[in-house]
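Student: Could we go through this structure together, one question at a time? I would like to see how each answer is reached.

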There are 2 protein chains.
Amino acid sequence: MNAVIAIHGGAGTITREDLSAAQERDYRAALEHVLLGGQGILERGGSALDAVTEAVFRLEECPLFNAGKGAVFTHAGTHELDASIMDGRSLAAGAVACVKSLRNPILAARRVMEDGRHVLLVGEGAEAFARDAGLETVAPGYYFTEARYAQWRRALAEGRSGLLDHDAQALAARPEAIGARMGTVGAVALDAQGNLAAATSTGGVTDKCVGRVGDSPLIGAGCYANNRSAAVSCTGTGETFIRLLAAYDVGALMEYRGLALADACEIVVMQKLPAIGGLGGLIAVDAQGTVCMPFNSEGMYRGEARAGGARATAIYRPSAAPRAAEEWRPA
Amino acid sequence: MNAVIAIHGGAGTITREDLSAAQERDYRAALEHVLLGGQGILERGGSALDAVTEAVFRLEECPLFNAGKGAVFTHAGTHELDASIMDGRSLAAGAVACVKSLRNPILAARRVMEDGRHVLLVGEGAEAFARDAGLETVAPGYYFTEARYAQWRRALAEGRSGLLDHDAQALAARPEAIGARMGTVGAVALDAQGNLAAATSTGGVTDKCVGRVGDSPLIGAGCYANNRSAAVSCTGTGETFIRLLAAYDVGALMEYRGLALADACEIVVMQKLPAIGGLGGLIAVDAQGTVCMPFNSEGMYRGEARAGGARATAIYRPSAAPRAAEEWRPA
């Protein structure tokens, strides 16, 4: 069995200087906890769909990541969350965007997919659907974390309201501002039955315009799965991922051009995205269990675990000067 | 100069029995008026972007089509409109979804694109952005038409609330219900400078769940433009177009597999969509000015005009028994 799960907790300007040793330990422990959930499901013969749902659920529950609890603030000081999921076997998909009261947007996306009538529900309609499905709602204060609040106050003080990160000039001028303001979580998996699945969830970008939707809840942009090619979950400057259909593009390059997963990922992340000012990365797995996690930013919180195998987590760019002998280490 | 514009007013179960001669005349006259607007811009050397904006603006203004005035009703008896636009030269894109007070969603999508910070804005955030940009707002009653109201009342009476049209079994059982409940408008164009553009706008599906977003405002699903391949605008059972990334898929098949426009359209509309229960069609133009308008439903309101050439409109399937000698006729 070559069942495997890969996860990410967001890409951005994450350098060794940004994180204390204690913070790094916290992030690695959180990624390990998330991997354990997905890996356990795969080892018990569970589906890729269940594994990515569980992993993204755990990432949403963790306040360190920008999804569910710990989501960033909008310009209005509110929280608006997006999530999506796709089944590579049937191409069934579900997503919600701009929800403000759901504890776990990924569970709402999953219900939308299972219900089968819709693919994308937004705003109050999405919340009503989720409530009817019995999903847990929370008061706005649930999402609050001190760290995200401080980021939002800094963004307001800098008067950069509404500035999103696909502005290449702004990026070049202030690259250090990006990592603190982005963040998305996601998971991709291959199960023992040979089925692929992908899931993505986010709070968006700090100080975002109310109503702004990035790539995370958009099938083909921030999330895609197809047994014929790959399962993909993206993180980065969302607007550029939308314009390139980044997640589906990996699959299309494989299916239509016959490329291997790594080559398709390389073209999308290292060539096409930078060409339009796109920063970020993605995680992907193909039907043979090959995992790729390319990013063109300084770092990406990420991890990988095979059924019956070791778990590995990483944060920084492999080419950066290593702190330990091997940065990509078993957890 | 091979500048050309193509438009659609929605695909569905539109048979000769459904339309009286007077209704057919009305639709053809409306399509002609829309074509004139886009064609005039192209003949004066205007951009593809301006031509598709003007064409979709005119389609939104016409109460016959399900976009802008004449939009269908949601299950709650309200109107929620979606629109998108994409520039094939730069891959810039803009879209709005679930807006309830904008007279012309396509103009809001265009402003989102020109502003450049976002690609997709939804709900009240999109409306606030459009108001700040000086776009016209209307009271909910503006969208009202007797015909759409009657459709909604029939849908409510049939108790089929929330049923969307990608349910293949439901479609097979009641195909006649589809044409009356779908509808989207769109335009694609090639200008004299060799640039492509696409635009799409819709009121969605009659009796749709509040918050449901179909393919129309989603880049790559219902709208796509890329000078390297084609400009595409879709209409049909939206959820299936989302799952296939139908609009981008036409471009990907051309760019990655080297297919001609007609062959790429054939695969998407006649093979991939039906395989997952998808009904509808699309209009597309490539960089050489080739126009394709395939659909797998009974009919699609459509038209085509070359700069300096004749305008042609059509409604039914070409293979159906012709009413006149040539159904696809110069307007």
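Student: Is B:Arg89 buried or exposed?
Tutor: Let's start with the ground rules: this is a predicted model, in which local features need pLDDT of at least 70 and side-chain atom pairs count only at pLDDT 80 or more, while totals for chains, interfaces and linings use all residues. Residues are numbered from 1 along each chain as its sequence is written, chains are lettered from A and ligands numbered from 1 in the order in which they are written, and side-chain values use heavy atoms, with hydrogens and water left out. For accessibility, buried means under 20% relative accessible area, exposed over 50%, and partly exposed in between (1.4 Å probe, protein chains only). B:Arg89 has 56% relative accessibility, so B:Arg89 is exposed.

Student: Which residue meets B:Arg89 in a salt bridge?
Tutor: A salt bridge is a side-chain nitrogen of Lys or Arg within 4 Å of a carboxyl oxygen of Asp or Glu. Here the N to O distance is 3.6 Å.

Student: At what angle do the axes of H2 and H3 of chain A cross?
Tutor: Two packed helices are described by the angle between their axes and the distance between the axes. Axes are lines fitted to C-alpha atoms, for helices over the stretch in contact, and angles run from 0 to 180 degrees between N-to-C directions. H2(A) (residues 48-61) and H3(A) (residues 105-115) have axes that come within 8 Å. They cross at roughly 150°.

Student: What is the direction of H2(A) and H3(A) relative to each other?
Tutor: Angles under 35 degrees count as roughly parallel, over 145 as roughly antiparallel, 65 to 115 as roughly perpendicular and the rest as oblique. Contact means heavy atoms within 4.5 Å, and residues of H2(A) including A:Leu49, A:Val56 and A:Phe57 meet residues of H3(A), among them A:Ile106, A:Leu107 and A:Met113. With their axes crossing at roughly 150°, H2(A) and H3(A) are therefore roughly antiparallel.

Student: Which residues are linked with A:Asp50 in a network of salt bridges?
Tutor: A:Asp50 belongs to the H2(A) side of the contact with H3(A). On the H3(A) side, A:Arg110 is one of the residues taking part. The network links A:Asp50 with A:Arg110 and A:Glu114.

Student: How many of the residues of strand S2 of chain A are buried?
Tutor: In a regular strand the side chains alternate between the two faces of the sheet. On one side of S2(A), A:Leu81, A:Ala83, A:Ile85 and A:Asp87 are buried, and on the other A:Asp82, A:Ser84 and A:Met86 are buried too. The strand is largely enclosed by the rest of the structure, because the buried count is 7 of the 7 residues.

Student: Which residue is the bridge partner of A:Asp87 in S6(A)?
Tutor: Two strands pair if DSSP finds at least two bridges between them. S2(A) pairs with S3(A) in the antiparallel sense over 5 bridges. S2(A) is also joined to strand S6 (residues 196-202) of chain A by 6 bridges, again antiparallel. In S6(A), the partner of A:Asp87 is A:Ala197.

Student: Is A:Ile242 buried or exposed?
Tutor: A:Ile242 is in helix H8 (residues 238-244) of chain A. Residues touching A:Ile242 include A:Val213 and A:Leu218, as well as B:Val119 and B:Ile219 from chain B. Its relative accessibility is 2%, so A:Ile242 is buried.

Notes
Helix = DSSP H or I, 4+ residues; strand = E, 2+ residues; numbered from the N terminus. Lists of a residue's contacts leave out its neighbours within four places in sequence.
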